[in-house]
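User: I'm new to this structure and would like a close look at one part of it. Could you take me through the nonpolar core and then show me what lies around it?

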Amino acid sequence: MTTHRPVFLELWRIHLPIPAVVSILHRVSGVLMVLSIPVFAWLFAQALASPAGFAASAAFLGHPLVQLGLLVMAWALLHHLIAGIRYLMIDLGLGVDRSTARGTAWTALTAALALTILVAGGMLL
Ligand code: HEM
């Protein structure tokens, strides 16, 4: 079957609607959290194994790059939690119309970023 629909594949000029951005980030954050489980489990096991293991885990977690990674994980959890609650509301039929869906998408995106900044502030204390 041949179709004559116009094809527009200039990816740098396609602007995703904000609910699509929140949806992609929800999937990315979920995958990040799943991938991080073995790392956290290993750190936890090492910390509980012996006093030396605890010190090694604490030293690892204190490294600036690891702290940055922890901040990314904090964002992942916050974004996934807030956007996930948004999806559960949408599943209940709440906020489905386009303008409300856009508003709640912006709210989820900015709330997760704002809370991540608060977490970063807490880490610096
Ligand atoms: C904190 C509370 C959480 C809430 C409210 C939540 C909510 C949700 C919801 C509603 C979905 C389905 C989204 C859809 O319909 O497309 C989902 C998907 C998913 N969640 Fe969560 N979740 C939470 C925690 C977690 C955690 C802790 C993990 C990982 C350790 C996780 C991993 C995932 C993954 C991998 C998906 C599939 C993503 C996709 O295929 O798009 N979630 N979550």
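Analyst: Let's start at V22. Setting aside its neighbours within four places in sequence, V22 is in contact with A83, A105, A108 and L109. Please keep in mind that this is a predicted model. V22 also belongs to the largest nonpolar core, which has 8 residues. Helix 3 provides the largest share, with 4 residues. As general background, nonpolar side chains tend to be buried together in soluble globular proteins.

Surrounding the ligand you will find H26, R27, G30, V31, M33 and V34, along with H80, L81, G84, I85, Y87 and L88. By type, this shell divides into 7 nonpolar, 4 polar and 1 charged.

Now follow helix 1, residues 18-49, to its partner helix 2, residues 51-62: the two pack at an angle of about 140°, and their axes are 5 Å apart. Helix 1 and helix 2 are therefore oblique to each other. On the helix 1 side, L43, Q46, A47 and A49 meet G53, F54, A56, S57 and F60 of helix 2. The residues of this contact comprise 6 nonpolar and 3 polar, with no charged ones.

Definitions and conventions
Residues are numbered from 1 along each chain as its sequence is written. This is a predicted model: local features need pLDDT of at least 70, side-chain atom pairs count only at pLDDT 80 or more; totals for chains, interfaces and linings use all residues. A nonpolar core is a set of buried Ala, Val, Leu, Ile, Met, Phe, Trp, Tyr and Cys residues joined through C-beta atoms within 7 Å. A residue is buried if 20 or more other C-beta atoms lie within 10 Å of its own, exposed if 12 or fewer, and partly exposed in between; C-beta atoms are placed from the backbone. Two residues are in contact if their C-beta atoms, placed from the backbone, lie within 7 Å. Axes are lines fitted to C-alpha atoms, for helices over the stretch in contact, and angles run from 0 to 180 degrees between N-to-C directions. Angles under 35 degrees count as roughly parallel, over 145 as roughly antiparallel, 65 to 115 as roughly perpendicular and the rest as oblique. Ala, Val, Leu, Ile, Met, Phe, Trp, Tyr, Cys and Pro count as nonpolar, Asp, Glu, Lys and Arg as charged, and the others, Gly among them, as polar. A residue is near a molecule or strand if its C-beta atom, placed from the backbone, lies within 6 Å of it.
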